[in-house]
Amino acid sequence: MLIAPKYKPLIFLSLLLLVWGAVAIFAPGSNSAKKAQFIAFTAAGSTSVQPIVEMLAQEYMAAHRNIRINVQGGGSSSGVKAAQTGTAELGMASRELKESEKGLWEFILAYDGIAVVVHPTNTVSDLSLEQIEKIFSGEISNWSQVGGPDAAINVINREAGSGTRSAFEEIVLNGKNFVEDAIIQGSTGSVKTSVAMDPNAIGYVSLASLDDLVKTLLIDQVAATNDNISNKTYPIARPFILMAKAKPTGAVAEFLAWLESDEATQILIEEGLVPVK
Amino acid sequence: MNRQRHEVLAKTMLQTTAFFSIAAVLLIIVFVFCEGLPALREVGLLSFVFGGIWQPMQGQFGIWPMLVGSVYLTLGAILIGVPFGVGCAILLAEFAPQKLVRIIRPAVELLAGIPSVIYGFFGLMILVPLLRELFGGTGFSLLAGSLILGIMILPTVMTVSEDAIRAVPKSYKMASLALGATHWQTVYKVILPAAKSGIIAAVVLGMGRAIGETMAVIMITGNVPIVPDSILAPIRTLTGNIAIEMGYAAGLHQQALFATGIILFMLIFVLTGLANLVRWKGAKH
């Protein structure tokens, strides 16, 4: 072979490593031999709540090896149904429950708040929820219509499927469609950059990602702060609710108790949510 | 005997690597088609490709605006990148003194090494605001995308064209000069026609790069799924459609994004096929 002899041990070593790696991957783990007793339960519902509960469940399961939590999507309404029928131990919803859906045991996980942002030099600093609805549905298209300078409003929207977008649509648009020719950005960061670069832009981002790059608008004279969201005076917010048929006991109750711990709260905050307390 | 064994070993190893590259391509194609075909069946090929409305949350899956967006953007990039790229190539191969070549070539080749997200960032921070100042509107536009992509395909177009020009036999040039033609006349009438098929290959490679580019494009084109009515209007490309919505898509929406990938595959097949046809016809004359 064309390989210098001094490299031969090296090649042998790397082959050995390869084999060892293959064995490590494909061989059954030694700890699966002792079959542990698993306690499993399911959380199902809102696809906005799903990722955050998944994350929390993973963290919880890492510390509690005998617990298996299955997290499924399906939407808020199917989460309510799953809790009512008991097909899932926990239902998840990203909205207040309707009158017809009451009667379930509810646990508010956190609040999800959305801030409406403009360029720092924009003279407009307060809009009503109705004005925002009209701006994002295209009925108002000039800043002069809401007390600003005579300039076209450049609406920045999120992509279809984004949780922030669907929440904003649900709370603000009242069944109307977003203005069609709004610029679409694929992440909170790029919405912020786009707004920060354009004096006539307006966009929306989750509360946790706010900074000085953009100016946050007051909505009906209420500032977008954690306090105003948890006391429900800031309008563009929604609760993330877990529910069950009856007050949970056992493993589910322990998990719910852990959700109020500092560790879980930290995860909620990192994900841009407003904790309840 | 030992030598022979090594020969066989080397051959087998090389065959294995070749097999893996082919397997990777096939796997990707099979995967994309498997994931995307259900959506094509559900929506219908014609209403998927020619449908003008993309509202996945309302179950409307029409990618015509993105198809048009991708084609326009690629044409725009070619329109900007090719004249500059071929111009550079002619300069380097025919006119520039060695010293200049040693500066220009690495400089342009350096462009190829810049990650596309940097191009996108540059476009977002400099070009988009500039276009907004100059022409009004949002600045996110077909024009912004074309300018940035034009610069991105420059190195590909330049290096391949330069090779093509250098490959033209010296005797052609000498004969032309001996007949009394000037240097530029020789380049224009003799060398460029002789290098035509190589230059078309350069354009095809540039086109491939332009149509597949994603990151820079989603940062500066605005991603609006509407057929653009001017070069200042925002557009969304096929690649952009996939990249921007993949994060949260589920169910039929996700399948529709894979189906977008299938259409992108086909578009690339058609475009490279067309380009090869032109090249083949050109080579025959």
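## The model

This is a predicted model, in which local features need pLDDT of at least 70 and side-chain atom pairs count only at pLDDT 80 or more, while totals for chains, interfaces and linings use all residues. Residues are numbered from 1 along each chain as its sequence is written, chains are lettered from A and ligands numbered from 1 in the order in which they are written, and side-chain values use heavy atoms, with hydrogens and water left out.

## Chain B

Chain B holds 12 helices and 2 strands. Both kinds of element are DSSP runs numbered from the N terminus: helices are H or I with at least four residues, strands are E with at least two. Along the sequence, the pattern reads α-α-β-β-α-α-α-α-α-α-α-α-α-α. The C-alpha trace of chain B spans about 70 × 70 × 35 Å along its principal axes.

## Where the chains meet

In chain A, 22 residues are in contact with 25 residues of chain B (heavy atoms within 4.5 Å). The two chains bury about 1800 Å² between them, and 63% of it is on carbon and sulfur atoms. Buried area is the accessible area (1.4 Å probe) that two parts lose on being put together, summed over both.

There is 1 salt bridge between chain A and chain B (a side-chain nitrogen of Lys or Arg within 4 Å of a carboxyl oxygen of Asp or Glu). It joins the side chains of Asp198(A) and Arg132(B), at 3.4 Å from N to O. On the side of chain A that touches chain B, strand S6 (154-158), helix H5 (163-172), strand S7 (183-185) and helix H6 (188-197) each supply at least two residues. That side divides into 7 nonpolar, 9 polar and 6 charged residues. Here Ala, Val, Leu, Ile, Met, Phe, Trp, Tyr, Cys and Pro count as nonpolar, Asp, Glu, Lys and Arg as charged, and the others, Gly among them, as polar.

## The largest cavity

The count is 1 cavity of 30 Å³ or more. A cavity is a set of points, on a 1 Å grid over the protein atoms alone, where a 1.4 Å probe fits but cannot get out; lining residues have an atom within 4 Å of a point. The largest cavity holds about 40 Å³ of space. Its volume is the space filled by probe spheres set on the points, with grid points joined across faces, edges and corners.

Residues lining the largest cavity include Ser70(B), Leu73(B), Thr74(B), Ala210(B) and Glu213(B). Helix H3 (64-95) and helix H9 (196-212) of chain B each supply at least two lining residues. H3(B) gives the most, with 3 residues. The lining divides into 4 nonpolar, 4 polar and 1 charged.

Terms used
1 Å grid on protein atoms, 1.4 Å probe; cavity = no way out; pocket = protein on both sides within 12 Å on 5 of 7 lines; lining within 4 Å.
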